[in-house]
Amino acid sequence: MELGTVGCEDETPNTQIFYFVATKESEVKRGLFVQTKTKEGLLVGRIEEIIKTNRYFMQPETISNYETAINLHFPTDKWEFLLCKIYCLGILDGAVRKANYPVSPGEIVKIAEDKNLEKLFKFDKQGLKIGNLSGHNLEVKLNLNRLFQKHIAILALSGAGKSYATAVLIEELLNRKDTQGKAGVLIIDPHGEYSSFAYDENFSQNASLIKGKDIRIGLPHLPNYYYNLFLPNLSFVQERDLIKIVGELKKSEDVFGIKEIMQKIEESENIKQATKDVLLSNLYSLNSVRLFGYYDTPSIDSLIIPGQASILDISEITSEKKKQMIVAYFLRELFNKRVKRKIPPFIAFIEEAHNFAPERSSKKNFSKGIVEKIAREGRKFNGLLCLISQRPVHLSTTSLSQCNTHMYLRITNPYDLKHIGESSEGLTSELLKSITSLEVGEAVLVGEASSFPLFVKIREKIVGDIETNKSLEEECISYLEKKENRKKDAKDLMEQ
Ligand SMILES: Nc1ncnc2c1ncn2[C@@H]1O[C@H](COP(=O)(O)OP(=O)(O)OP(=O)(O)O)[C@@H](O)[C@H]1O
Ligand SMILES: [Mg+2]
């Protein structure tokens, strides 16, 4: 479809930018891909900006002379036209290469053909179908290896569609055939949004849901490292005495919990009373977290199974400390097992990643260390992360900089925009501007997964909707209904 004709404007056409005047009928849109002929071959570019212009209104004096009656004297509407600014992506010549010569003025600009776009973006027929290329009727199929060549970050403001896009990605991972290669999926779910995978008839076979209240860290096999991590206020001597007691218990008992450690400390004749007091008060507060038990639930080995998702639903846990401990423990143990190739390759999706790996934090954050470690070293072992956050400014820069594919949905906060502009090489100032005006469910993919910034309309997800998305009205009504039902149940019980 012809869109318009190349014109001369603002020192263009040059090898990077050209403008074309759109025909009246053409439906040009920012982000649309176009093609035109040059003497080097077929040039493909993207509409970066659309400018409306009308020479009747170029001179302020003319407008002033005729005031609001200008269109009674001249056919002004006939002189209005659209000027499209094109950013040249390259010449399609087998591979894509940079243009050495500009397009000629007068050349016809057409909408880019699908087969050329497939070549440009190196889409993979076997890839993850996350949606359609915005403005085009072309399925975006991302190659798994390129998408997870390293880690991914999905960033946007609240309500822009991060969790929706993440659910689509997870659906694609779970629907892969054995011959296409399947990774295990772990979902850290602080809002209980992904539990629908476990209830949906299309996915329940491939998803297991672990509720926060059932999660336990087994003490008898807990490596000493965690005593140092979870009890950061202990001195060297206090920690040494604690580890000694735990070591003795490990030798003599098959199972033991915090209470047994406390009892052994109280009975010990080798530990000073002052040390005992500190250890007991620290262990008392660790016990109050209600996370430690005789064995791991879920077991580390059961968490990662090829083509299966394990959802850690920590939505009903209010303690930030407890949530971080869960993430710290399970991620570290998974990473260690993956390094030894004892579990299959995995992708860990971490919602609200800024809470688990914050850039700055006033209190000790238990999970930041392991998230950063996997971000730095995980790729070598195919232990991969997908970090999801609505506040990129607050997300650890060490982790963010290791994500070499970024998916942006709508972001408007200027601090976040500045931050992502600095942390993502492929983002031009025009692209940053487009991020502010994306619609819900529309994403820009930048980085390794796509040769060029890719505007995607995320497809509809298959998995059923999640209860947490109730409106305020619905939530208030259902709260009252539940309260009434509880009252009625209690009354019925009394009358029995
Ligand atoms: N691709 C899409 N297609 C259709 N609807 C969508 C799409 N993306 C998002 N939505 C709608 O927008 C709502 C908000 O999306 P979502 O929950 O994914 O936002 P979010 O970015 O995760 O927000 P938060 O930061 O609050 O978690 C969804 O409930 C859904 O109704
Ligand atoms: Mg969300």
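This is a friendly dialogue on how to read one predicted model.

Colleague: What should I know about the numbering and the kind of model before I start?

Modeller: Residues are numbered from 1 along each chain as its sequence is written, while chains are lettered from A and ligands numbered from 1 in the order in which they are written. This is a predicted model, where local features need pLDDT of at least 70, side-chain atom pairs count only at pLDDT 80 or more, and totals for chains, interfaces and linings use all residues.

Colleague: How many helices and strands does the chain have?

Modeller: Helices (H or I, at least four residues) and strands (E, at least two) are DSSP runs, numbered from the N terminus. Here there are 18 helices and 20 strands. The C-alpha trace spans about 100 × 60 × 45 Å along its principal axes.

Colleague: Into which domains is the chain divided?

Modeller: Domain bounds come from an automatic or database domain assignment. In this chain, domain 1 covers 2-121, domain 2 covers 140-215 + 297-465, and domain 3 covers 217-292. Between the C-alpha centres of domain 1 and domain 3 there are 70 Å.

Colleague: Which residues of α9 and α10 meet, and at what angle do the axes cross?

Modeller: Two packed helices are described by the angle between their axes and the distance between the axes. Axes are lines fitted to C-alpha atoms, for helices over the stretch in contact, and angles run from 0 to 180 degrees between N-to-C directions. Helix α9 (residues 258-267) and helix α10 (residues 273-287) have axes that come within 10 Å and cross at roughly 170°. That makes α9 roughly antiparallel to α10 (angles over 145 degrees count as roughly antiparallel). From α9, Ile 258, Lys 259, Ile 261, Met 262, Ile 265 and Glu 266 meet Lys 276, Leu 279, Leu 280, Leu 283, Leu 286 and Asn 287 of α10; contact means C-beta atoms, placed from the backbone, within 7 Å. The residues of this contact divide into 8 nonpolar, 1 polar and 3 charged. Ala, Val, Leu, Ile, Met, Phe, Trp, Tyr, Cys and Pro count as nonpolar, Asp, Glu, Lys and Arg as charged, and the others, Gly among them, as polar.

Colleague: Is Leu 417 buried or exposed?

Modeller: A residue is buried if 20 or more other C-beta atoms, placed from the backbone, lie within 10 Å of its own, exposed if 12 or fewer, and partly exposed in between. Leu 417 counts as buried because it has 20 C-beta neighbours inside 10 Å. Leu 417 sits in helix α16 (residues 414-423) and, leaving aside its neighbours within four places in sequence, is in contact with Ile 411, Leu 432 and Ile 435. In the chain of 496 residues, 38% are buried.

Colleague: What surrounds ligand 1?

Modeller: A residue is near a molecule if its C-beta atom, placed from the backbone, lies within 6 Å of it. For ligand 1 there are 14 such residues, and the closest are Gly 161, Lys 162, Ser 163, Tyr 164 and Gly 441. Helix α5 (residues 162-174) gives the largest share of this shell, 3 residues. By class, the shell has 5 nonpolar, 7 polar and 2 charged residues.

Key. Angles under 35 degrees count as roughly parallel, over 145 as roughly antiparallel, 65 to 115 as roughly perpendicular and the rest as oblique. Two residues are in contact if their C-beta atoms, placed from the backbone, lie within 7 Å.
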